[in-house]
Structure formats: structure tokens, C-alpha cells
Amino acid sequence: MKMNIRRRRGFVAAAASVLVVGLAITGCSGSAGGGGSTGDAASDILRRGASIDAPSGPGSGYDQTARAIEQTLTSEELVSRVQVTNVEGAGGTVALADFVTKTDPSEWMIGGLSLVGASITNDAPNTLSELTPVARLIGEYDVIVVPESSPHETLQDFLDALAEDPGSNPIAIGNQGGYDHMWGGLLAQDAGLEATDVNFVTFDGGGEALIALLGNQVAAGISGYGEFADSIENGDLRVLATASAEPLAVAPDAPTIADAGYPESAMVNWRGVFAPPGISEADLATLEKLFADMVASASWKEILETNGWSDEFLDSEGFKAALEESETQTQQLLEDLGLV
């Protein structure tokens, strides 16, 4: 049964409104490098360095985001060193359960829409709202791809095959209840199916999903463009559609979900950086300025362009409000898709 289109549009419209609010807040905050003294805490973080937990395997969107932060902070000499650690398991909820026990403001974790969904789907004991939101950073649209040898030339070709035999057309996704799964559920409904009818195969990192695709172990894959970019550009994978209604700057010739005739299924992901619970206001101010300086840098802007990420920067207060709204919207969408 098809999900109520008005509700689907409401989810997309609400998400868009959060991004607009975010841009307004960012604009009001002035120059990303502005603001007063950061005090001794900033010097301490700069001297000791920092660590980032990516709550998934190598090659995933979380991993790419963490390593982009590492590259920018060190190249811009904002932090002396940054260590990235991959913590895999249960769609990121394993990493989350560990991170809620931390207290050091120089330890950070990447979180995003997929982790919001995974926490709900897995009935996890912890949620991102228990952490300290520092800065929302990026937005990214998924793509659905097939191997170059696939007989499916268009998204409609694949949806028709999926409707006829969903079990024989497995789709690689990142995790149960995550962004990939939610958008895949909308595509399933576009094929006239329930999301639960589809054989979604989960992988904890983009590298593993790519191996499965290139080995024809799955019929299609859904993930952020950046995770499949090299294989798309060298012709090993073919994009059937992006999750965006408008062409992506990084792939202007790739068909959009609107081109495929399903504009109501457009959906965007977000990712940001979190600090442990209960850090001091002074430490939070230090981290806010650090990441504001980072997103204002030429190095970060180049990374956004290369990966096809949009700048969705929000400071801590704006990010906290956006997170609360995202949790409510995601719960509703997962219920509508029959995934919880």
C-alpha cells in the first residue's frame, strides 16, 4: 500500500525548512572565524590533538566525513593531530553506546540521519540527543546504482523487476533503519511494494557494499554518491537515480528521482559532529569556534565540492533544535514505511 503522499511531502518539506533555518542561523552568526577568545581549553586541544569515532566501517559516509575533518583541521593547522577510529556494529549504535560514557571534549563522534534511524529501528538504549551537538556540517543525497552489466538501464526498469520478483533483486544498503533504508523504502513503495517486501542487504561500510555490487552479489546498491564515486566515474557502476529532485553538481548528468517520475521521493541526509555529554559551556564554545573556522576554510570548501556535499553548517544551538525535529520526523517516516 502506498504511503500517504501528503505525509511524504510533509517530511521532505519539514526537512527543507530545517535547512533553511540552519542557513539563517549560520548567516546570523557572522564570520565563521569570528568571536572572542577561546581561552586555555582551545590551546589544550590544539596541543594534545583530538580523536573522532566514525560509527561504521572504512569507506562509509561517516568514515569519509571523519577523515575530511581530520584532513582539514590538520592542514589548516587548527589542531595538531586528529585520530580517526572506526567503530562498527548495529548501524552505529555500538559506537553510540560507547561514546555516551566519554567525558573528554577532545573526543568527538560523527552522527547523522542514519544513526537516528538505526537507534529507533534497533530500539537502542541510547540516542544522539544524549550527546552534545557541536556542529551540523554537511548534507548528502543518496544514489541508487547497478553494476555496468545490469540489464536495468533506468530506475523504472529496476522498479518493474523489483515489483515482479523482490526476492531476486537484493539491494545493498548501509544499515537497518538508516537513510539508505528509508529512501529504499520510498522506492519500494514507488514499485507498489511494502518496504518489508524488499530484500535489503546491510553492509557496515561502503567498501563492502562496493565489493558485493561489483561481484554481482546484489542487484543494486543505495548509498551516498561519494561512496560509489570512483566506480561510477570509471564506468563500473551506473546511476539509475539520485535522491535529489535537482541535478547534483558533482554528477550533473545523472538522472534525478524527479526525472524518474517520483519527485515526492526526494530525500536528503545530514551529518554532524558531537562531543560527549555534559561538557562545559567553555569547552563547547571552544569546539563551536573550531568547527566554524574549519567550515570557513578553503580546504573544507574544496572537500565539499569534491564529494558533492552541501554546506549545512549549524552551530550547537541550531543543531540541537534540528536534531530534535529530525528524530520526530524519522520516527514517523519509519512507522509509515512499516520498518518499526
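Helix H7 (residues 179-190) and helix H12 have axes that come within 10 Å and cross at roughly 40°. What you are looking at is a predicted model, in which local features need pLDDT of at least 70, side-chain atom pairs count only at pLDDT 80 or more, and totals for chains, interfaces and linings use all residues. Residues are numbered from 1 along each chain as its sequence is written, and side-chain values use heavy atoms, with hydrogens and water left out.

Helices (H or I, at least four residues) and strands (E, at least two) are DSSP runs, numbered from the N terminus. Axes are lines fitted to C-alpha atoms, for helices over the stretch in contact, and angles run from 0 to 180 degrees between N-to-C directions.

**Helices that cross**

Let us stay with H7 for a moment. H7 passes H12 in a left-handed crossing (the near helix is turned anticlockwise from the far one by less than a right angle; clockwise would be right-handed). Met-182, Leu-186 and Gln-189 of H7 meet Thr-330, Leu-333, Leu-334 and Asp-336 of H12, where contact means heavy atoms within 4.5 Å.

H12 (residues 316-336) also crosses helix H5 (residues 113-121). In H5, Leu-113, Val-116, Gly-117, Ile-120 and Thr-121 meet residues of H12 that include Leu-323, Glu-327 and Thr-330. The angle makes H5 oblique to H12; angles under 35 degrees count as roughly parallel, over 145 as roughly antiparallel, 65 to 115 as roughly perpendicular and the rest as oblique.

Helix H3 (residues 61-75) and helix H11 (residues 298-307) form another pair. Their crossing angle makes H3 roughly antiparallel to H11. On the H3 side the contact includes Gln-64 and Ala-68, and on the H11 side Trp-300 and Ile-303.

| Helix pair | Axes come within | Crossing angle | Handedness |
|---|---|---|---|
| H7 and H12 | 10 Å | roughly 40° | left-handed |
| H5 and H12 | 10 Å | roughly 55° | right-handed |
| H3 and H11 | 9 Å | roughly 150° | right-handed |

**The sheet**

Now for the strands. An open sheet of 5 strands has the order S7-S6-S8-S5-S9, with mixed pairing. Strand S7 (200-202) and strand S9 (237-242) stand at the edges with a single partner strand each, so one side of each has no neighbour in the sheet. From one strand to the next, the twist averages 30°. Two strands pair if DSSP finds at least two bridges between them. Strand S5 (residues 142-147) and strand S8 (residues 220-224) run antiparallel and are joined by 4 bridges. Look for Val-145, which stands opposite Gly-221 in S8. Helix H8 (residues 206-214) packs on the sheet, touching S5, strand S6 (171-173), S8 and S9. Helix H9 (residues 225-233) packs on the sheet too, and its direction makes about 120° with that of S8.

**Two loop residues with positive phi**

Most residues other than glycine have a negative phi. Glu-77 is not a glycine, yet has a positive phi of about 55°. Glu-77 sits in the loop between H3 and strand S2 (82-86), and counts as exposed at 68% relative accessibility. Ala-90 also has a positive phi, near 55°. Ala-90 lies in the loop between S2 and helix H4 (93-99), and counts as partly exposed at 43% relative accessibility. For these labels, buried means under 20% relative accessible area, exposed over 50% and partly exposed in between, with a 1.4 Å probe and protein chains only.
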